[in-house]
Each structure stands twice: as structure tokens, then as C-alpha cells.
Amino acid sequence: MSGGPLSAALLPLSWLYRGLLALRRLAYRIGLKRTEALPVPVIVVGNWIVGGAGKTPTTLALLELLRARGLKAGVVSRGYGRESDGVRVASPASTAGELGDEPLLIHRRGRVPVAVGSDRGAAARALLVAHPGLDLLVSDDGLQHWRLPRELSLLVFDERGLGNGRLLPAGPLRQPPTPLAADDLVVYNSARASTALPGFVAERRLAGAVPLAGWWAGEPADMATLLALRALPGLRACAGLARPQRFFDMLAGLGLSFEPLPLPDHADFHTLPWPADAAGVLLTEKDAVKLPPERAGPTPIWVVTLDFALGAGFEAALDTQLQRLFPGRTC
């Protein structure tokens, strides 16, 4: 699959992009550019393909595994879509406008310190100053941010795999595919492996629902609440995701009837997208983090949460890598 005539027309720009990437990598190899030196290991969660491949749920699942092994992790991110500048460290008063929706979701749902900044090295240093007890850092995205060191990389793919195999803008790839290194792990956020790379197929399902105010208060979702909504007529389901249909399909698979309201990825929710007389609304967590209860209006709103496991065998592979990063420590 080549991508058609438009992709072919864009190939010269794709070759230029490839050349610029090669020059940038060369600058790091010969020392014109230098990778940051940080006092703790860094795990990067990223992808080769543009768009939402599932980095945030992968990051959240990874954080739970690290916590279970007694490791204190912090997260650094660019903070895509935020309205602030510079480096920001998350606080209890942080908003999606300050941090970005995904970093704020990771901070609240993952219960970890988070810092954002276009310079992830600066964000990492600020986070370590604010939280000096951290054992390691996780970079949400940043696979192509070579200034940031990494001792382990998690590559996330969805059902698109490598697309047409071409680099931007002729194709969806951010970088040329390369052989896996010993410190690379692959996670597939799809029903099956979508490339020839060996990896782990994540298990994804809805975990339940919780009222919006309860979600902001830290209450867990439960499946009984979600299934009870099958009896509610006039329900809307709203999703500001890269692929909202995935959310709608999972809801429909549980027997819910609703009107889908797909929104652009990272939609800001400054204006509520559903009518005032809606009987009820279902939101993803990524959307809920941009809608504090005091701004939600009178419509009943439930937040639907995701249960995301990184696949059979992943924990053993992670433990092998953690033993390398923390020799002599029982994780």
C-alpha cells in the first residue's frame, strides 16, 4: 500500500525530512549535540507513527507495574495543547490548560509527579528538584527527542502498523523503521500484532463508569453503573480522541444505545458540545480532565474508564529490564 498519488507527490518532502533526521542523528553521534545527563534512569513511551497510538494508556499501565515493584516514578511530557509556556510541575491546582490534557490525566489517574516542557530535559531536571525521591522517570512521548536520555524504550503501535511505510508527509512515520535494540519493548494497542516486530498485544476493555464529580474526587468506576445506563434513552457519548470510534465501539459492545459525538483530538471543552436537554453524557477520562464539575452544567455526566493491560509476558520482560537498570535491587 503506497498511499496513492498524493503520497507519491509528497515523496520529495519526505526525502528532505529523512535527510534532516539523518543530519540531526549525526550531530549527536559526533558530539555537536549532546544528550542530557540525568541522575535517574529514563523510560520513553513513544511511537514511530503519528497520531494517537495509545501512549497514554500504555504509560498509565506501566506506572502501575512500576508502583507494584516499589519504584517511585515521575513523568515528563511536552504538554501538547497546553496554554502555558516554559516548564510547569503539576500541583493539586493544575489545569489541563496549564499542563495539557494527557499530562494532567496521567498526574491524576497515575498518582505520580508530572512536569511538562518542550525541552524534556529541563522538565526532567525541574521534576527531580521538586521531587528528589524519584527512582526513575517515564517520558510520555519523546522517542524522537534525542536530547533526552533513555535506558528503555516502549514502542506503541495500533492497528495501522507502519501505514504505507513512508516518512512524513508522504506517510505517517516520524522516523525510519530500525531494528529493535536490546532495550526496546513493543506494545500493540490493537487486536493483534500489526507489524513484524516481536511484541506484546495489550488487552483493552472498559472498566466501568463513575459520575463526573465522583471521578474528580478520586472515586473508582464500576461496571454496574455503566451497564445500568443501557436503560437510559437519549444518551450521548462524547470522545475527543484521535480515534473516537474505538470508544463508541466498546460502548456499543456492552449493549449501550447512544448518539455518538466525535470531537477533534484534544478538544478544549470551553463550550459544551452536547445540547442542554441531553438525558445524559458519557465521557472518556481524557475529556473529563478538561471539565471540572462546576463547569459541567445540569446534564448528568458519567466518566467511562479503561482497563488496559500490557499483554501476556510483558511483566517478565519488564522485570528483566528493571534488573538491568537497578542491579542488586529486588523490584
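Visitor: Is strand S1, residues 42-46, mostly covered or mostly open?

Guide: The model is a predicted one. In it, S1 is mostly covered, with five of its five residues buried.

Visitor: Which residues of S1 lie on one side, and which on the other?

Guide: In a regular strand the side chains alternate between the two faces of the sheet. In S1, Val42, Val44 and Gly46 lie on one side, and Ile43 and Val45 lie on the other. Both faces are covered, and these residues are all buried.

Visitor: Which strands pair with S1, and in what sense?

Guide: Strands of a sheet pair through backbone hydrogen bonds, either parallel or antiparallel. S1 runs parallel to strand S5 (residues 136-140), and four bridges join the two. Strand S6 (residues 152-157) also pairs with S1 in the parallel sense, over four bridges. As for individual positions, valine 44 has serine 139 as its bridge partner in S5. Toward S6, isoleucine 43 stands opposite leucine 152, and valine 45 stands opposite leucine 154.

Visitor: In what order do the strands of the sheet stand?

Guide: The sheet is open and consists of eight strands, in the order S3-S4-S2-S5-S1-S6-S7-S8, with mixed pairing. Strand S3 (88-89) and S8 stand at the edges with a single partner strand each, so one side of each has no neighbour in the sheet.

Visitor: Where is asparagine 47 placed?

Guide: Asparagine 47 belongs to the loop between S1 and helix H3 (55-68). Its relative accessibility is 0%, and it therefore counts as buried, the cut-off being under 20%.

Visitor: What does asparagine 47 touch?

Guide: Leaving aside residues up to four places away in sequence, asparagine 47 touches Ala53, Lys55, Asp141, Leu143, Gln144, Val156 and Arg174. With arginine 174 there is a polar contact of 2.9 Å between the side chains.

Visitor: How many residues of H3 are buried?

Guide: H3 is mostly covered, with 10 of its 14 residues buried. Among them are Lys55, Thr56, Leu60 and Leu66. Just after H3, glycine 70 takes a positive phi of about 75°.

Visitor: Which residues of helix H11 are buried, and which exposed residues lie on the face turned away from them?

Guide: The buried residues in H11 are Phe314, Ala317, Leu318, Gln321, Leu322 and Leu325. They cover an arc of only 140° around the axis, which puts them on the same side of H11. The face turned away from this buried side carries the exposed residues Ala316, Thr320 and Gln323.

Visitor: Against which elements do the buried residues of H11 pack?

Guide: They pack against H3, S6, strand S7 (184-188) and strand S8 (200-201).

Visitor: What does tryptophan 274 touch?

Guide: Not counting residues up to four places away in sequence, tryptophan 274 touches Cys238, Leu261, Phe269, Val281, Leu283, Leu291, Thr299 and Ile301.

How values were computed
Residues numbered from 1 in each chain as written. Predicted model: local features only at pLDDT ≥ 70, side-chain atom pairs only at ≥ 80, totals over all residues. Heavy atoms only, no water. Buried < 20%, exposed > 50% of the residue type's maximum accessible area, 1.4 Å probe, protein only. Pairing = 2+ DSSP bridges. Polar contact = N/O pair within 3.5 Å; in protein donor to acceptor, adjacent residues only side chain to side chain. Contact = heavy atoms within 4.5 Å. Arc of directions from axis to C-beta.
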